[in-house]
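Morning, everyone. I have one chain to walk through today, and I'll keep it brisk. Here it is on the screen.

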Amino acid sequence: MVRPNTSEALPNSVKLAAALFVAYGVAVVLNATAIQGAAGWVGAGDFPRALIRLFGTGLIGWGLLQRARWAWWLGLILAAVWLVAGALAVLVLERGDVHWLPPSGLQIFLVISLLCLGLA
């Protein structure tokens with residue numbers, strides 16, 4: 001495999017994308033522990049999955065900083081999957097109409113995580 005020219009400076013957009021992926025992973029872990037656990041949601045047992053997601057986003061961020069092509073593709077695919085899953089968590093289909101769930105203080109990390117992922 002041919003490595004790109006590493007003597008060039010890494011673009012700021014790549015650094016930002018890597019940081020946003022990691023911020024998304026941290027927000028997911030915070031959502032799984034602080035918010036879901038405190039609220040007594042059924043999904044509070046999702047902490048191991050949240051840690052796996054944090055590890056995955058850290059790996060993608062590291063790969064982007066290393067200019068690895070697989071990181072770009074993996075980030076693109078996983079971001080699309082996670083955005084769809086997040087949208088399904090806040091959208092409700094009712095009799096053919098789409099409704100947003102009413103916002104609450106408990107959704108702050110979910111909103112932050114989706115914004116980070118969308119911006120990345």
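Start with Trp70, please. Trp70 is found in helix α3. One caution before going on: this is a predicted model. So is Trp70 buried, exposed or in between? Its relative accessible area is 37%. Buried would need under 20%, and exposed would need over 50%. Trp70 therefore counts as partly exposed.

Which helices supply the patch? α2, residues 47-65, and α3, residues 69-90, each give at least two residues. The most comes from α2, with 3 residues.

Stay in α3 for a moment and look at Trp73. This tryptophan also lies in helix α3. Now look across to Ile60. Trp73 and Ile60 are 13 residues apart along the chain. Their C-alpha atoms are separated by 9.4 Å.

On to α2 itself. The helix has 19 residues. From first C-alpha to last, α2 reaches 27 Å. That is close to the 27 Å expected at 1.5 Å a residue. Which residues of α2 are buried? Here they are: Ala50, Gly56, Thr57, Ile60, Gly61, Gly63 and Leu64. Now look down the axis of α2. The buried residues fall within an arc of 160°, so they line one face of the helix. An α-helix has 3.6 residues a turn, so residues three or four places apart point the same way. Turn to the other side of α2, and Ile52 and Phe55 are exposed.

What comes after α2? The helix is followed by Arg67. Arg67 sits in the loop between α2 and α3. Check its backbone: phi is positive, about 65°, although Arg67 is not a glycine. As for accessibility, Arg67 comes out at 21%. The buried class stops under 20%, so Arg67 counts as partly exposed.

Ser113 is in helix α4, residues 108-119. Its relative accessibility is 3%. With the buried cut-off at under 20%, Ser113 counts as buried. What does Ser113 touch, leaving aside its neighbours within four places in sequence? Tyr24, Ala27 and Val28 are in contact with it. Ser113 and Val22 are 91 residues apart in sequence. In space, C-alpha to C-alpha, they are 9.8 Å apart.

Now zoom out to the whole chain. There are 4 helices and 2 strands. Read along the sequence, the pattern is α-α-α-β-β-α. How much of the chain is buried? Of the 120 residues, 28% are buried. Now the contacts between residues at least 6 apart in sequence. Among these, 64% join residues at least 24 apart. Last, the surface. Accessible area comes to about 7,800 Å² for the chain. Carbon and sulfur atoms account for 70% of that.

That's the tour. Over to you.

Key
Residues are numbered from 1 along each chain as its sequence is written. This is a predicted model: local features need pLDDT of at least 70, side-chain atom pairs count only at pLDDT 80 or more; totals for chains, interfaces and linings use all residues. Side-chain values use heavy atoms; hydrogens and water are left out. Buried means under 20% relative accessible area, exposed over 50%, partly exposed in between (1.4 Å probe, protein chains only). Contact means heavy atoms within 4.5 Å. Accessible areas come from the Shrake-Rupley method with a 1.4 Å probe; for residues, only the protein chains shown count as cover. The expected span of a helix is 1.5 Å times one less than its number of residues. The arc is that of the directions from the helix axis to the C-beta atoms.
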